Amino acid sequence: LPLLLKATLLHLASGSYRPFYNGFYYNHIMNDNGAGQDKDYFNGAKLVVETAKDPVYSYTGANVTLPCHYRYEPDLGPKRKIRIKWSKLRDDYTKEQDVLVAIGKTYMAFGDFKGRAHIRQASRHEASLVISDVRLKDDGKYRCEVIDGLEDESDVVDLRLQGIVFPYQPPRGQYKLNFHEAEQVCQDQGAILANFNQLFQAWSEGLDWCNAGWLADGTVQYPIRLPRKPCGGVHLAPGIRSYGPRHRHLHRFDAFCFSSELKGEVFYLDHLAGMTLEEAKQSCQDAGAEIARVGQLYSAWKFLGLDRCNAGWLADGSVRYPIVTPRANCGPAEPGVRSFGFPSKGRFGVFCYRER
């Protein structure tokens, strides 16, 4: 052992030793005090990073700030150049994608965040992330990482979009969608596959649905408020029933989609004799709009209070109507979006969507 230690010291003294490389060289580019000397930096101070402990709520089309601040214990005085890195995480806290990296006032955003993300440094030791034009897929956990020399600390903040979860099955019937088809049908309806937190929130607000559907993580689950025999049995407590992860190509279920608040408005049009689906699409275009999608109707019902006891076409060929205040001849005694399914014939009104 003494011979090995002596050899190691001689190797270091020879100048051939190189610092451990972990993907980024820490040198005077990041931590210099004006002397221009190329050296690794470690000062013994403790670096502390803090983000919001409670979720940050937003909605599609908005601008949102994810707070992040750092400090030193003890305080090191004037601010130095440090490296800030933001990443979006999966629910298990493993990294999903890079969002932004910044050194001083220079930063680079990645992927879908290009042109939409930047660092806010309005105060000393601030590293907050600003996301503009929030999108449905922005919902999730984000890690704020601060790197100063050999010091590297991080914390996580949860961005949650205000929205609504709705079950969806295509015109061809129940349990016809594999995972990838479920992703696509939600996207076609102005939505995305819901995650577990969104489904749980919907269940806590009253969603009860006995058909199993895909979630964004590839699991299949369904929410039950009133236990009953066909839905897991009468002796199970209310909650989210889970089939666990399923084969994304072979297994087929329905989908749980998630839609957020709208940038525009949903409105109803009708003719005295009603309209076919093609006539309905044309009527929306004539009004400077487009035929509404299912997610847009649900969002208008939940967030804009859309209440209409008249059935109308939607873009997927279904016929539905939203009820905020239940009343006679308007379906069940609970609020909700009623569905007539996918009629091959018939003449109805239409729900249109127009950007503000």
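Modeller: The side chains of Thr219 and Asp217 are joined by a polar contact of 2.6 Å (a pair of N or O atoms within 3.5 Å, of which, within protein, one must be able to donate a hydrogen and the other to accept it, while residues adjacent in sequence count only if both atoms are side-chain atoms). This is a predicted model, in which local features need pLDDT of at least 70 and side-chain atom pairs count only at pLDDT 80 or more, whereas totals for chains, interfaces and linings use all residues. Residues are numbered from 1 along each chain as its sequence is written, and side-chain values use heavy atoms, with hydrogens and water left out.

A second polar contact, of 3.0 Å, links the side chain of Thr219 to that of Gln221. Thr219 belongs to strand β15, which covers residues 219-224 (a DSSP run of E, at least two residues; helices are runs of H or I, at least four, and both are numbered from the N terminus). With a relative accessible area of 10%, Thr219 is buried (under 20%, with a 1.4 Å probe and protein chains only). Leaving aside residues up to four places away in sequence, Thr219 touches Gly213, Trp214, Gly244 and Pro245 (heavy atoms within 4.5 Å).

As for the core, the largest nonpolar one has 88 residues, and among those touching the most other members are Leu66, Val266 and Phe351 (buried Ala, Val, Leu, Ile, Met, Phe, Trp, Tyr and Cys residues joined through side-chain atoms within 4.5 Å). Helix α5, residues 294-303, gives the most to this core, with five residues. Val266 touches, among others, Gln296, Leu297, Ala300 and Phe351.

Methods
Buried means under 20% relative accessible area, exposed over 50%, partly exposed in between (1.4 Å probe, protein chains only).
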